[in-house]
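Take a look at the model below. We'll walk through a few of its contacts, helices and charged pairs, one topic at a time.

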Amino acid sequence: MTVSQAVINPAESRLFKPIQLGKLRLNHRIALAPLSRYRNDEQGVPLPFTTTYYADRAATPGTLIISEATNVSHPEEPHGSALITAAQTEAWRRNIQAVHARGSFFFQQIWSMGRAGNPDFLASKGLEYRSSSPLPLSAERPAAPEEMTEREILDVIQDFVAAAQRALSLGADGVEIHGAHGYLIHQFLSDRSNVRTDRWGGSVENRSRFLLEIVRALVSAIGAELVGIRLSPFASFQGADSSDYKAQYGHVVAELKRMQVPFAYLHLVEARADPVTWVTGEAPANRDKSLEYILETWDNVSPVIVAGGYGPGNAVEAVEGRYGKWDVIVAFGRAFLANPDLVFRVKNGIPLNAPDRPSFYMPMTEVGYNDYPFSQEYLQSVKVESSA
């Protein structure tokens, strides 16, 4: 009988076996995926109720919490988060402390949006709208960004370093570099969005350079064990797909491995989770492609987080079957948003709340954010613990 045919109790599966992640010892293998939900004010400061959101999802001790994407230079869209000003950093300090108070761990995801930013918003702030190449995002977003100069590229690399150092100074356990889903790093990786002919484009090696230089800079500044890297090899979202994804991402992963340093983790998005599925309603062209070729190359250099379309059943299948020979953690997004006690529910076989998609991106409100209920079983367990 295969793993997929067998019925495995999640509590008895590898999902609930401890795993070492950099300097951290996680109690289980369920993580909160990074989720941008625009619960920040107009200056990019997380609102006070975001502390409740992060603390609730850290309620099971030993859980890995990955933050929403935070900008390293300046907010690039309304209500987007950043990690620059005193107000922004103080808000993130509170969120990190709240996660630690529950006995869990916090990685700050850091990014720059490039041409996925809002050009009107940037213009209103007197900021540049820029990308790897001067190509519009889409027919619906026809404004062409400025092609980044060599100096601007090097400056952004240093912005990533400064943001990482800032996150650690606030108490974060590490940082995750957002290299996925059509944002700036992905714009450099893609031969559809990067048509440069200098050392930052024109070949697999040159398109990889921006990401790899950011990684090297962070490893030098803070240490590899505090660095995670997120990639979406199959994603076509925001026009950043690759004509030969195996060559492009095979090179990136091989170069990361060649650095011979103990990264915290590699974070990979499944083909079925290309955001085009919810933006256009169309299935991604590569939805049946597998991440196994990357895991084979990586070969347990450090744990791999897999994300995209996971529920309790296929998460167990992933860690016991498809990815069973590797150290794998499963990140949940929508399910974790809708179930603050997700880890407890999965372990105990409790049905999940359904996520409410229309409220995912409603800015500055707790609706669809902090109003999902804990299970009665979880609340009872807390009551019993507190009275013991």
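## Around Ser-242

Ser-242 touches Leu-189, Ser-190, Asp-191, Gln-248 and Tyr-249, leaving aside residues up to four places away in sequence. Contact here means heavy atoms within 4.5 Å. You'll find Ser-242 in the loop between β11 (227-231) and α7 (245-258). Now look at Arg-192: 50 residues separate it from Ser-242 along the chain, yet their C-alpha atoms are 6.5 Å apart.

Is Ser-242 buried or exposed? With 15% relative accessibility, Ser-242 counts as buried. The cut-offs are under 20% relative accessible area for buried, over 50% for exposed, and partly exposed in between (1.4 Å probe, protein chains only).

## A word on the model

This is a predicted model, where local features need pLDDT of at least 70 and side-chain atom pairs count only at pLDDT 80 or more, while totals for chains, interfaces and linings use all residues. Residues are numbered from 1 along each chain as its sequence is written, and side-chain values use heavy atoms, with hydrogens and water left out.

Next up are helix α4 (residues 150-169) and helix α6 (residues 204-222), which pack at an angle of about 40° with their axes 9 Å apart. Axes are lines fitted to C-alpha atoms, for helices over the stretch in contact, and angles run from 0 to 180 degrees between N-to-C directions. So α4 and α6 are oblique to each other. Under 35 degrees would be roughly parallel, over 145 roughly antiparallel, 65 to 115 roughly perpendicular, and the rest is oblique.

On the α4 side, the contact is made by Ile-153, Val-156, Ile-157, Phe-160, Val-161, Ala-164, Gln-165 and Leu-168. From α6 come Phe-210, Glu-213, Ile-214, Ala-217, Leu-218, Ala-221 and Ile-222. Sort the residues of this contact and you get 13 nonpolar, one polar and one charged. In that sorting, Ala, Val, Leu, Ile, Met, Phe, Trp, Tyr, Cys and Pro are nonpolar, Asp, Glu, Lys and Arg are charged, and the others, Gly among them, are polar.

## Salt bridges

How many salt bridges does a search of the whole structure find? It turns up 14. To count, a side-chain nitrogen of Lys or Arg must be within 4 Å of a carboxyl oxygen of Asp or Glu. Glu-152 pairs up with Arg-130, with the closest N and O atoms 3.8 Å apart. Glu-152 sits in helix α4 and Arg-130 in strand β8 (residues 130-131), so this pair ties together parts 22 residues apart in sequence. Arg-130 is buried, at 18% relative accessibility.

Arg-151 bridges to Asp-155, with 3.2 Å between the closest N and O atoms. Both residues lie in helix α4, four residues apart, or about one turn of the helix. There's also a network of salt bridges linking Glu-213, Arg-216, Glu-255 and Arg-258.

## Two histidines with positive phi

His-79 has a positive phi of about 65°, although it is not a glycine. His-79 is found in the loop between β5 (70-71) and β6 (81-82), and its 16% relative accessibility makes it buried.

His-181 isn't a glycine either, but has a positive phi of about 55°. Its loop runs between β10 (174-178) and α5 (184-189), and at 11% relative accessibility His-181 is buried.
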